Amino acid sequence: AGSEEQKQRYLGRLTREPIFASYCCSEPDAGSDVAGLRTHYVKDGDSYVLTGQKRWITNGGYASWYTVLATSDPKPERDLKARNRKIACFVVDRDTPGVKVGKKENKMGQRSSNTVDVIFEDVKLPREALVGNEGEGFKIAMKTFDRSRPWIAAGALGIIGRALHESRNYALERKTFGVPIAQHQSIQNILADMAVDYEATRLLCHKAAWQVDRGILDSNVSSMAKLYGADHAMKAATDAVQVFGGYGYTKEYPVEKLMRDAKLLQIYEGTSQIQRMVIARSLFAGG
């Protein structure tokens, strides 16, 4: 959504040197409900002044710049479309006065991912910091999710594949009742389901990515890929712990980490419940 000048300046920095950027959308009281955000901006001549707090920001502690969503009116608005039209998008350099990084979250899983609050206290921005036009922020956010949700499906695919790999190897080695547990039908059924879920997630993920590559932004398909992958990654990880039994509940084996990491896939980039809402609305809109 940025201008060519913005793309050259900011995206160019990402390719010239090993730096991070962060997407600042979620807030303490606005995650799945993007339109409910309270970070706000006011116009000050040819400039903007940005104030608010963002939460759950990936790479926030290391980012050199942020893409920030803010509203021109933080007061509650019953009309959802009216709320949407008040949101704008800004690009903000980390070293801009008033930008602060808050606490690092102590998470259950995905602990190698830096997740922090990012706080904006009367941050003055030039007009060139506006991405797109005022009132287009919500559309920019939704188009971003259409591109980012397939990545979550790809992560889910990795977790399902690892769960299947570890469970298969363990089932061939571990013996009960005098035979490897791989010979027990209950274990075979678990692994068979993992294999099916792996292939189904891979195909949905690749379809969504294929559409993005061709400029086809389809919220329905990207939500399906994210939803199916996340839910079945959680199932595969939980089943892998079950296959390992008591060992799976210890940190001596890797499946407990898969279980902790998988849970977040059902939460960020829109919860599994939000994905179902997106898909259902698409179904009814087409009727």
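**Cavities**

I began with the largest cavity, which has a volume of about 40 Å³. For the record, a cavity is a set of points on a 1 Å grid over the protein atoms alone where a 1.4 Å probe fits but cannot get out. Points are joined across faces, edges and corners, and the volume is the space filled by probe spheres set on them.

The model is predicted: local features need pLDDT of at least 70, side-chain atom pairs count only at pLDDT 80 or more, and totals for chains, interfaces and linings use all residues. Numbering runs from 1 along each chain as its sequence is written, and side-chain values use heavy atoms, with hydrogens and water left out.

I listed the lining of the largest cavity, where a lining residue has an atom within 4 Å of a point. Ala35, Leu37, Arg38, Thr71, Asp73, Lys75, Arg83 and Lys86 line the largest cavity. I sorted them by class: two are nonpolar, one is polar and five are charged. Here Ala, Val, Leu, Ile, Met, Phe, Trp, Tyr, Cys and Pro count as nonpolar, Asp, Glu, Lys and Arg as charged, and the others, Gly among them, as polar.

How many cavities of 30 Å³ or more does the structure hold? I found two. The second largest cavity has about 30 Å³ of space. Its lining includes Asp146, Ala208, Gln211 and Ser222. Four nonpolar, two polar and two charged residues make up this lining. Helix 4 (residues 185–213) gives the most to it, with three residues.

**Helix 1**

I then turned to the secondary structure and counted seven helices and 10 strands in the chain. Both are DSSP runs numbered from the N terminus: helices are H or I with at least four residues, strands E with at least two.

I checked the length of helix 1 (residues 4–16). Its 13 residues should span 18 Å at 1.5 Å a residue, and its end C-alpha atoms are 17 Å apart, which agrees. The expected span is 1.5 Å times one less than the number of residues.

Which residues of helix 1 are buried? They are Gln6, Tyr10, Gly12 and Arg13. Buried means under 20% relative accessible area, exposed over 50%, and partly exposed in between (1.4 Å probe, protein chains only). Strand 4 (63–71), strand 5 (87–93) and strand 8 (130–131) are among what covers these buried residues.

**Salt bridges**

I searched the whole structure and got 16 salt bridges. The cut-off is a side-chain nitrogen of Lys or Arg within 4 Å of a carboxyl oxygen of Asp or Glu.

I looked at Lys7 and Glu4, which form a salt bridge at 3.9 Å, N to O. Both lie in helix 1, three residues apart, about one turn of the helix. Is Glu4 buried or exposed? Glu4 counts as exposed because its relative accessibility is 53%. Lys7, at 34%, counts as partly exposed.

I also noted a network of salt bridges that links Arg9, Arg13 and Asp93.

Lys124 and Asp44 pair at 3.6 Å, N to O. This pair links distant parts of the chain, with Lys124 in strand 7 (residues 115–126) and Asp44 in strand 2 (residues 40–44), 80 residues apart.

Back at the largest cavity, I saw that Lys86 and Asp73 are both in its lining. Lys86 forms a salt bridge with Asp73, with the closest N and O atoms 3.3 Å apart.

Methods:
1 Å grid on protein atoms, 1.4 Å probe; cavity = no way out; pocket = protein on both sides within 12 Å on 5 of 7 lines; lining within 4 Å. Contact = heavy atoms within 4.5 Å.
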